[in-house]
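Me: I have a chain open here and want to go through its contacts with you. Can we start with the charged pairs?

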Amino acid sequence: MALKKSNKLPQTAALKQILKRCSSFGKKNNGYDAEGLPDDVPKGHFAVYVGENRSRYIIPISWLTHPEFQSLLQRAEDEFGFNHDMGLTIPCEEVVFRSLTSTIR
């Protein structure tokens, strides 16, 4: 029986890709850093977009270690993948996202 090889990145590589695409490390220049990332994202945080209206939330990088948030990242990868230009989009309703993230704080 042959095993099907997954096209998904290993978890560590996926997290590094998320951080690179969605975080700001303090470089500021006309609203965007040298890599084109928004400078309104504080160091140690990254932006995600949630819900039908794609509301923007700035969240701490430390949340990446929480199982609840990792579950959301897995859903995002399954639905959208991480290699696109629309920002990290979390596929759930805003009220669900806020409820879940309130338990992480």
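Me: How many salt bridges does the count come to?

Reply: The count comes to 2 salt bridges, where a salt bridge is a side-chain nitrogen of Lys or Arg within 4 Å of a carboxyl oxygen of Asp or Glu. This is a predicted model, in which local features need pLDDT of at least 70 and side-chain atom pairs count only at pLDDT 80 or more, while totals for chains, interfaces and linings use all residues. Residues are numbered from 1 along each chain as its sequence is written, and side-chain values use heavy atoms, with hydrogens and water left out.

Me: Which side chain meets Asp 40?

Reply: The side chain of Arg 56 does, with an N to O distance of 2.8 Å. The pair links distant parts of the chain, 16 residues apart: Arg 56 is in strand S2, and Asp 40 is in the loop between helix H1 (11-22) and S1. Helices (H or I, at least four residues) and strands (E, at least two) are DSSP runs, numbered from the N terminus.

Me: What does the side chain of Arg 54 make a polar contact with?

Reply: With the side chain of Thr 89, at 2.7 Å. A polar contact is a pair of N or O atoms within 3.5 Å; within protein, one must be able to donate a hydrogen and the other to accept it, and residues adjacent in sequence count only if both atoms are side-chain atoms. Thr 89 lies in strand S3 (residues 89-90) and is buried, with a relative accessible area of 5%.

Me: What else does Thr 89 touch?

Reply: Leaving out residues up to four places away in sequence, Thr 89 touches Tyr 49, Arg 54, Ala 76 and Phe 80. Contact means heavy atoms within 4.5 Å.

Me: Ala 76 takes me to H2. Which residues of H2 are buried?

Reply: Phe 69, Leu 72, Leu 73, Ala 76 and Glu 77 are buried in H2. Seen down the axis of H2, the buried residues fall within an arc of 140°, so they line one face of the helix; the arc is that of the directions from the helix axis to the C-beta atoms. On the other side of H2, Pro 67 and Glu 79 are exposed.

Me: What follows H2?

Reply: Gly 81 follows H2, with a positive phi near 75°.

Me: New topic, the largest nonpolar core. Which members touch the most others?

Reply: Of its 17 residues, Val 48, Ile 59, Phe 69, Leu 88, Ile 90 and Phe 97 touch the most other members. A nonpolar core is a set of buried Ala, Val, Leu, Ile, Met, Phe, Trp, Tyr and Cys residues joined through side-chain atoms within 4.5 Å. The elements giving two or more residues to this core are strand S1 (45-50), strand S2 (55-60), helix H2 (67-80) and helix H3 (94-104). H2 gives the largest share, 4 residues.

Me: What is Ile 59 in contact with?

Reply: Leaving aside neighbours within four places in sequence, Ile 59 contacts Gly 44, His 45, Phe 46, Val 48, Phe 69 and Phe 97.

Me: Last one: what pattern does the chain follow?

Reply: Along the sequence it reads α-β-β-α-β-α, with 3 helices and 3 strands in the chain.

Definitions and conventions:
Buried means under 20% relative accessible area, exposed over 50%, partly exposed in between (1.4 Å probe, protein chains only).
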